[in-house]
Amino acid sequence: MQKIIVTIFSTFIVLSGIASNDSLVEKSSPAIDFYFHMGQIIKNYPHLPGSNGFMSSEIYVGYVSNGSKTWHSHYHFPQVGLSILYNDFGNNDVLGQNISFLPNITFRQGNIAGFYSEIRIGFGLAVFNKHYDYILNPDNLYIGSTVTNISFASFNAIKFISKKVAIKAGVTAFHFSNGHYQLPNVGMNIPAVVLGIKFLPYGMPQKFVNNRIENNDKKIHFNARLGVGWHEFGSATVPTGGTRYPVYLTTFYVSKRVTPVNSLQLGFFINYYTSFYDFISTQELFKTDKHLKSFVVSMFFGHEFIAGHFGFVAEAGINLYNPFLKKYIRLYTENPDLSNILKTFSSNKLGIQYYPLVPEKSSKHKLYIGAYIKANLGQADVVECGIGYTF
């Protein structure tokens, strides 16, 4: 459910850009792209199944913005759209295939009269036809659930060969993970090369309108966010088939708008893990203060990109209080390495927030809802749904 919410939020960005009182042709230029990706799955864990290579076919539908919304100008008139991908992982019996739905945004650099470059990023929903099963498919340690997140980044060089057609070539990175919602969750990391073709039925926009606004919000604001998430307790691969525990997450921070579409954050995560409390109680890991030792407190620094009603959040934190995980790794991890130790100190989040009132035009009293993936260092920890308020 949480992964579906993340994808719905992302899709709203596409719909909010296309929906307008004027026609799409007048406001922006429709775009249809076709891509072929070819790469290799990185074996980032022992005993993973083999693969003969990764192949992906992608069709994209979107638009090239021309300034009909304020944030278009601030991001140099990006292209926004939705992709559908068919992905084959080079091992039909174990890894199978998936269908992915990927809202994404493209940022251009350079003059379109010659060669120019673009960076395309997005994340959405992937549906696998083969995933881990204790009896039927025990070798697929990459993917533990039918539905996962897909995260995507691509760098391309582009050349128009006519007013309506351009060719593309570049490199792509894919990541598939269910956010520790269901084990195993080693996740797939796939670098690839890509070839593509762009078709603009009406050509590029004839006019780009500069609708930049000044940053009139000079204040420091207090923010509070409450969230809940679920995860299976354990490492990336074991134990499988366990209980999904709720995690209760609170976030308090101050924020400062540095431009109309950029905001900096400084604050604290205060999270309570019912899985920690259950393990402490059953294994008698601590004799006293069992509830208190099930908390994790972190200090974080964050940044938010704002695009219309949406915010894209990245928050990097250091754990100030994490007694359970420190003791758990010390007692239950054989020969803990540096990454195990760093996981006890690292707490990071990526997420999307939706504001009913456009934040770039309002300075305070902003309500928002969000969906986030939290990680310890690079290992997914929990998928969070939350509601927050800026005072």
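Predicted model: local features only at pLDDT ≥ 70, side-chain atom pairs only at ≥ 80, totals over all residues.
A polar contact, as the term is used here, is a pair of N or O atoms within 3.5 Å, where within protein one atom must be able to donate a hydrogen and the other to accept it.

**Y368 in strand β15**
- Y368 is found in strand β15, which spans residues 366-376, and with a relative accessibility of 1% the residue counts as buried, because that value falls under the 20% limit for burial.
- Although Y368 and G388 are 20 residues apart along the chain, their C-alpha atoms are separated by 5.3 Å.

**E384 in strand β16**
- E384 has its place in strand β16, residues 379-390, where the residue is buried with a relative accessible area of 1%.
- The side chain of E384 is joined to that of K349 by a polar contact of 2.8 Å.

**S255 in strand β10**
- S255 lies in strand β10, residues 244-259, and is buried, with a relative accessible area of 8%.
- A polar contact of 3.0 Å links the side chains of S255 and N223, and N223 is also one of the residues in contact with S255 once neighbours within four places in sequence are left aside, together with K219, I220, H221, S263, L264 and Q265.
- The C-alpha atoms of S255 and S57, which are 198 residues apart along the chain, are separated by 41 Å.

- In soluble globular proteins, nonpolar side chains tend to be buried together.
- The largest nonpolar core has 22 residues, of which F89, F174, F176, M188 and I190 touch the most other members.
- Strands β5 (116-128), β6 (147-160), β7 and β8 each supply at least two residues of this core, and the largest share, 3 residues, comes from β8.
- M188 is in contact with I41, F89, L95, F128, Y142, I143, F174, H175 and F176, when its neighbours within four places in sequence are left aside.
- A second, separate core of 13 residues includes F233, V247, F279 and I280.

**Backbone features in loops**
- The peptide bond from L183 to P184 is cis, with omega near 0°, and P184 is found in the loop between β7 (165-177) and β8 (188-199).
- F77 has a positive phi of about 55° although it is not a glycine; F77 lies in the loop between α3 (70-74) and β3 (79-88) and is buried, with a relative accessible area of 11%.
- E284 likewise has a positive phi, of about 50°, without being a glycine, and its place is the loop between α4 (274-283) and β12 (295-307).
- At 51% relative accessibility E284 counts as exposed, because the limit for that class is over 50%.

How values were computed
Residues numbered from 1 in each chain as written. Heavy atoms only, no water. Helix = DSSP H or I, 4+ residues; strand = E, 2+ residues; numbered from the N terminus. Buried < 20%, exposed > 50% of the residue type's maximum accessible area, 1.4 Å probe, protein only. Contact = heavy atoms within 4.5 Å. Core = buried A, V, L, I, M, F, W, Y, C linked by side-chain atoms within 4.5 Å.
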